[in-house]
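Here is a short report on side-chain interactions in one protein model.

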Amino acid sequence: MGLPTENGKDPKPGDLIEIFRVGYKHWAVYIGSGYVYFYTFARPGLCCSSSRVPVPGEMGVVMKEKLQEVLKGDRWRINNYLDRTYKPQQIYAIVKQASGFIGARLPYNLVSFNCEHFANELRYGKRTSRQVIHAGVGVGGTMAGLVILAGTVVGALLGLGRN
């Protein structure tokens, strides 16, 4: 692919891509030929460039773009961090499921359904977010942690985030 990755590897279809933004991490699933699927609350063309926090009930959108465009110059790495915990789904199943979501508008929630939840659900069939788990136990100390904790309080007050 020719993009500098933190761990020196080229991504393979189905790999999770962790992108290091200021204050948080954005997640995508690599599908080959330089493309990724990802979920964002930003408008198309403004992927994750907005520093605003999504409001409860805001809709997100599933997108397919070139990894290079999604990176916006930020550092990134391949990070299939749950491979020892969960068996990854077959690549064709990941791509087929994700392609069916392109353009879909889904309720975005920092605590219960964000870009990391989406990526993990595609790869493992499990909706989980390490950023949310760490923020919930006070680990991290980043702006994202504060935003997620604030989202947790607001979500709890409004009854959001229940599965």
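## Aromatic cluster

Tyr39, Phe41, Phe101, Tyr108, Phe113 and Phe118 form one aromatic cluster. The model is predicted. Its aromatic pairs number eight.

Take the pair of Phe101 and Phe118. Their ring centres lie 6.1 Å apart and their planes meet at 80°, so the pair is edge-to-face. The cut-off for that class is over 60 degrees. Phe101 belongs to the loop between H2 and strand E6 (105–107), and Phe118 to helix H3 (residues 115–124), so this pair ties together parts 17 residues apart in sequence. Phe101 is partly exposed, because its relative accessibility is 28%. Phe118 has a relative accessible area of 4% and is therefore buried.

Phe113 and Phe118 are both buried.

## Salt bridges

How many salt bridges does a search of the whole structure find? The search finds six. In general, side chains of opposite charge can pair when their charged atoms come close.

Arg77 sits in strand E5 and Glu18 in strand E1 (residues 16–21), so the pair ties together parts that are 59 residues apart in sequence. Glu18 is buried, because its relative accessibility is 0%. Arg77 is at 24%, so it counts as partly exposed. A network of salt bridges links Glu18, Lys25, Arg77 and Arg130.

## Two further bridges

Asp74 bridges to Arg21, and the closest N and O atoms are 2.7 Å apart. This pair also links distant parts of the chain: Asp74 is in the loop between helix H1 (67–71) and E5, Arg21 is in strand E1, and 53 residues separate them. Asp74 has 25%, so it is partly exposed.

Arg127 and Glu121 meet in another salt bridge, at 3.0 Å from N to O. Arg127 has a relative accessible area of 41%, so it is partly exposed. Glu121 is at 24% relative accessibility and therefore counts as partly exposed.

## Charges over rings

Two arginines sit over aromatic rings. Arg75 lies over the face of Phe20, 4.4 Å from the ring centre. Arg130 places its charged end over the ring of Tyr81, at 4.0 Å from the centre. Arg130 is also a member of the salt-bridge network with Glu18, Lys25 and Arg77.

## Asn80

Where does Asn80 lie? Its place is the loop between strand E5 (76–78) and helix H2 (91–99). Why does Asn80 count as buried? Its relative accessibility is 18%, and the cut-off for buried is under 20%.

The Asn80 side chain reaches the backbone nitrogen of Leu16 at 2.7 Å. Leaving out residues up to four places away in sequence, Asn80 touches Gly14, Asp15, Leu16, Arg123 and Tyr124.

How values were computed:
Residues numbered from 1 in each chain as written. Predicted model: local features only at pLDDT ≥ 70, side-chain atom pairs only at ≥ 80, totals over all residues. Heavy atoms only, no water. Helix = DSSP H or I, 4+ residues; strand = E, 2+ residues; numbered from the N terminus. Buried < 20%, exposed > 50% of the residue type's maximum accessible area, 1.4 Å probe, protein only. Polar contact = N/O pair within 3.5 Å; in protein donor to acceptor, adjacent residues only side chain to side chain. Contact = heavy atoms within 4.5 Å. Phe/Tyr/Trp six-rings, centres within 6.5 Å; stacked < 30°, edge-to-face > 60°. Lys NZ or Arg CZ within 6 Å of the ring centre and 35° of its normal. Salt bridge = Lys/Arg side-chain N within 4 Å of Asp/Glu carboxyl O.
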